[in-house]
Amino acid sequence: MEKKIRVTLPRKIVEILENDIEEFFIKKNTLLNYIYAEKIKENQQKKFVYPYKGETSVIQFNLNKKNLEGYYNFLEENNIQNESEFFREILIEYASLGKKKRECFLFKDIVERINYSIKEKRIIKIVFRDEKNIEVEPYLIESSKLEVMNYLFCYNLREAKWKNYKIKYIKSIYVKNTSFKLRDKEFIDKMKENFDPFISFGQYIKIKLTTAGKKIFNEIETNRPQIIKIDKDEYILECSHEKAKRYFSFFLDEVEILEPLELRTWFKEKYRKALIKYE
């Protein structure tokens, strides 16, 4: 027999829940059952006050078999007489966390395994959602200042290079018995101090900006490369190729990639293909 839960929530809270369902590849029933299961582990009742203003929406889900087993005992032990009010409080409490914190909460098992392997300096095997797998030396779980997502910063043993992987794409973590030694403390400390998802340290590009391009550069902060030198309209930036591709694609003809040649060729080819489509 199923237990249907029906809760009225502020529309903003429902939108956050719906966005997380899509963003973190999780079903509604799974998400809401998980929030409930983690809440009862706390074994305490906290009142979470939220100002009810504006539109509201109703959200419905079924308690899964595992949660239903001790559900009525939990209500009695905690003197919960209004089920809807209880679920409203815990869902608002969850949705009021920052997105990065919600991600860590939802991927708690993966985050804990990574943190354990970092502490014990143990190599891990990562299996991604597409079933690809790699072995890495884990060093940090970090997020950039302006991005609302978490990354694992690590050394990919197969590719023999530093990499960042989004936590949300990780399906499972296996901690191996093999230990590793700290590879490059200075580089790791740099990532701690100023985390860059694109790992741009020591990589440089040269660009030329129009007046409009300079304005765009000043306005768009997310993934903006660090300025090393400016000479009139020409900029030398600390920036990886991937970061440049992501950031300067917004600029269209307001930027010219001067160096390196490989990156300049990539942009040239992209614009050439775009032009063909518009002709």
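How accessible is K171, buried, exposed or partly exposed? With a relative accessible area of 47%, K171 is partly exposed, where buried means under 20% relative accessible area, exposed over 50% and partly exposed in between, with a 1.4 Å probe and protein chains only. The model is a predicted one, in which local features need pLDDT of at least 70 and side-chain atom pairs count only at pLDDT 80 or more, while totals for chains, interfaces and linings use all residues. Residues are numbered from 1 along each chain as its sequence is written, and side-chain values use heavy atoms, with hydrogens and water left out.

Side chains of opposite charge can pair when their charged atoms come close. The structure holds 21 salt bridges, a salt bridge being a side-chain nitrogen of Lys or Arg within 4 Å of a carboxyl oxygen of Asp or Glu. One of them joins E38 and K108, at 3.1 Å from N to O. E38 belongs to helix α2 (residues 28-42) and K108 to helix α7 (residues 108-120), so this pair ties together parts that are 70 residues apart in sequence. Helices (H or I, at least four residues) and strands (E, at least two) are DSSP runs, numbered from the N terminus. E38 is buried at 9% relative accessibility, whereas K108 is partly exposed at 33%.

K171 takes part in a salt bridge too, with E131 as its partner and 2.6 Å between the closest N and O atoms. This pair links distant parts of the chain, 40 residues apart: K171 is in strand β7 (residues 170-179), and E131 is in the loop between β3 (122-128) and β4 (133-142). E131 is partly exposed, with a relative accessible area of 46%.

Because R183 lies in the loop between β7 and α8 (185-193) and E137 in strand β4, the pair ties together parts 46 residues apart in sequence. Here R183 is partly exposed at 40% relative accessibility, while E137 is buried at 5%. Elsewhere, a network of salt bridges links R11, E15 and E18.

Turning to strand pairing, β5 (residues 151-156) and β6 (residues 161-166) run antiparallel and share 6 bridges; two strands pair if DSSP finds at least two bridges between them. Y151 sits opposite K166 in β6.
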